Amino acid sequence: MTKSPPPGGPAVADATRLAHLGRDPARQHGFVNTPVYRGSTVLFATLAALDAYDQPYTYGRRGTPTTHALEACFTALEGGAATVLTPSGLSAVTTTLLAYAEAGAHILVPDSVYQPARRFCDTVLRRLGTTVEYYDPLIGAGIAAHITPRTTLIWLESPGSLTFEVQDTPAIAGAARAAGVATALDNTWATGLYHRPLALGVNIAVQAATKYPVGHADALLGAITADAQAAPRIAATHGELGLCAAPDDCMLTLRGLRTLAVRLERHQASALRVAGWLAGQRGILAVRHPALPGDPGHALWRRDFTGATGLFAVDIARPRPGRLAAMLDGLRLFGMGYSWGGYESLIVPSDPATCRSATRWPGDRIVLRLHIGLEDADDLIADLAAGLARLGGAQ
Ligand SMILES: *Cc1c(COP(=O)(O)O)cnc(C)c1O
């Protein structure tokens, strides 16, 4: 019977851990996978047990063997003290922000942040009386000058959504620690497999597990992994908000994690090939991919990450009407749609100018964000080559 590697044994590689974490066949009649526990009510055998309230499971919302198995995977991968699960990636972001929001508080957020997170800051946090200040994601240790006595949290997202700025996470985390301020990093792009924010001094790693951990575009899920210092605050806010992740979605995420290492290897290799090819094409003003040697974030990426995934962007000149539609509508393999991290390739155009306030976006260009899926890279390149010809057509 397959056993989980016992704690305290020799260290094993991440791919090995992903195959074994969060399951205990001996407790499941030998079945390899942790079953899906559906449940609200959990019975207490005696009044004494009810009063003590210390049995492992007390109520479905507060966790089941299925959710605990998945939490254990994220906690181990990110090297944290504890993980809580939420129904979407965005709710993982907002729960973390809420844990540090109060009237009069000040929260620092990078200008490159995931746009729906920015919207939450500008609406709900503002209503609560929390001031959100957007900062240049490339600020590094300069963040210290923006910390005030009211600062409760510094948010990071590295690389940034859409535009892929790599942050100097150890410098920002160091400045925050020196000032007694907590830090949280949206680690969706790299996952805990390729980037360990907690090891770089960050208190909390947030992930849209919807993307690579689920990996098949068939569920939404968020995970918040915190160090020992931040974990009680995250657990309390999560519990008070009544959040819980659906059992089937946890099972799909557990299943996805088993193949995460092999999938990411392929996403990484194919994305690098496509990005390298795009860099030489007419009409491509820049390729934003931190693992490309010419990328402005490359040195920090090499220092802080152990891999790259399948998402990057290219800059193109603000297209004439009709040209962009001709390019995108005619693609055979790339789908147009939000989210990413599944086996399929996706492309969406976006104008970062609409969601910047601390930095300036050059007005002459927009980005195409690409997710490179598990298709053959040559097929993807052929699809893009035909698309770029349509984009530049009749010039
Ligand atoms: C997609 C995404 C989220 C939100 O995840 P959902 O599951 O779609 O709510 C948060 N942060 C980043 C960086 C993302 O790409």
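Mentor: Let's start with the second largest pocket, which holds about 480 Å³ of space. Keep in mind that this is a predicted model.

Trainee: Which residues lie closest to the centre of the second largest pocket?

Mentor: A residue lines a pocket if it has an atom within 4 Å of a point of that pocket. Here 24 residues do so, and R61, R62, G63, E71 and H238 are the closest to the centre.

Trainee: Which elements give two or more residues to that lining?

Mentor: They are α3 (65-78), β1 (82-86) and α8 (231-241). The largest share, four residues, comes from β1. By class, the lining has 10 nonpolar, 10 polar and four charged residues.

Trainee: And how much space lies in the largest pocket?

Mentor: About 640 Å³. Its lining has 35 residues, with Y114, P116, S161, K211 and R369 closest to the centre. Among the elements giving two or more residues are α4 (89-99) and α5 (115-127). The lining divides into 18 nonpolar, 12 polar and five charged residues.

Trainee: Where does the ligand sit?

Mentor: In the largest pocket. There are 13 residues around the ligand, and G89, L90, D186, T210 and K211 come nearest.

Trainee: What polar atoms of T210 and K211 lie by the ligand's oxygen atoms?

Mentor: Side-chain ones: that of T210 lies 2.5 Å from a ligand oxygen, and that of K211 lies 2.7 Å from a ligand oxygen. G89 instead uses a polar backbone atom, 2.8 Å from an oxygen of the ligand. Taken alone, the ligand exposes 380 Å², and the protein buries 90% of that.

Methods:
Residues are numbered from 1 along each chain as its sequence is written. This is a predicted model: local features need pLDDT of at least 70, side-chain atom pairs count only at pLDDT 80 or more; totals for chains, interfaces and linings use all residues. Side-chain values use heavy atoms; hydrogens and water are left out. A residue is near a molecule or strand if one of its heavy atoms lies within 4 Å of it. A polar contact is a pair of N or O atoms within 3.5 Å; within protein, one must be able to donate a hydrogen and the other to accept it, and residues adjacent in sequence count only if both atoms are side-chain atoms. Accessible areas come from the Shrake-Rupley method with a 1.4 Å probe; for residues, only the protein chains shown count as cover. On a 1 Å grid over the protein atoms alone, a cavity is a set of points where a 1.4 Å probe fits but cannot get out, and a pocket is an open set with protein on both sides within 12 Å along at least five of seven lines; lining residues have an atom within 4 Å of a point. A molecule sits in a cavity or pocket if more than half of its atoms lie within 2 Å of its grid points. Grid points are joined across faces, edges and corners, and a volume is the space filled by probe spheres set on the points. Ala, Val, Leu, Ile, Met, Phe, Trp, Tyr, Cys and Pro count as nonpolar, Asp, Glu, Lys and Arg as charged, and the others, Gly among them, as polar.
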